[in-house]
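Please work through the exercises below with the sequence and the model in view. Each task is followed by a solution in steps.

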Amino acid sequence: MTIVYQDSSARMSQIVIHNNTVYLAGQVPSDPTADMRAQTEQVLEKVDALLSQAGTSKENLISAQIWVNDMSQFDQMNAAWDAWVVPGRPPVRAATEAKLAKPEWKVEIMVIAALPES
């Protein structure tokens with residue numbers, strides 16, 4: 001059994017790969033002053049970059065977990081998500097309202113993807 005850990009600190013890894021499956025840590029926005037849609041777009045850019053680093057892409061998403069700090073802004077998050085997700089290949093998904101680790105963060109997203117068959 002091989003488990004690969006990437007971009008690790010003492011607390012956590014940003015990427016873990018096991019059995020041709022890529023697990024990403026929850027990603028948060030880089031500019032916490034932005035609105036919900038822009039924060040979601042920032043997070044999805046980070047997801048794209050990490051999936052690429054791991055050797056996969058959003059075309060191979062299996063699941064997503066999304067936390068938003070305010071459900072009244074859920075439509076803004078969904079607008080960014082819908083523009084980003086691959087048509088016809090949406091992952092299973094759960095989204096919920098939650099108090100995030102920093103009050104200025106409006107969204108956090110965690111995904112699981114498959115590695116493409118070689």
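The model is predicted, so local features need pLDDT of at least 70 and side-chain atom pairs count only at pLDDT 80 or more, while totals for chains, interfaces and linings use all residues. Residues are numbered from 1 along each chain as its sequence is written, and side-chain values use heavy atoms, with hydrogens and water left out.

**Exercise 1.** Describe how helix α1 passes helix α2.

Step 1. Helices are DSSP runs of H or I with at least four residues, numbered from the N terminus. Helix α1 covers residues 36-54 and helix α2 residues 74-84.

Step 2. Their axes come within 7 Å and cross at roughly 35°; axes are lines fitted to C-alpha atoms over the stretch in contact, and angles run from 0 to 180 degrees between N-to-C directions.

Step 3. The contact (heavy atoms within 4.5 Å) includes L44, V47 and D48 of α1 and W84 of α2.

**Exercise 2.** Find the salt bridge in the structure.

Step 1. The criterion is a side-chain nitrogen of Lys or Arg within 4 Å of a carboxyl oxygen of Asp or Glu.

Step 2. The partners are E41 and R37, with their closest N and O atoms 3.1 Å apart. Both belong to helix α1, four residues apart, about one turn of the helix.

**Exercise 3.** Is W84 buried or exposed?

Step 1. Buried means under 20% relative accessible area, exposed over 50%, and partly exposed in between, using a 1.4 Å probe and protein chains only.

Step 2. W84 has 8% relative accessibility and therefore counts as buried.

Step 3. Beyond residues up to four places away in sequence, W84 touches L44, V47, D48, K58 and L61.

Notes: Helix = DSSP H or I, 4+ residues; strand = E, 2+ residues; numbered from the N terminus. Left-handed = near helix turned anticlockwise from the far one by under 90°.
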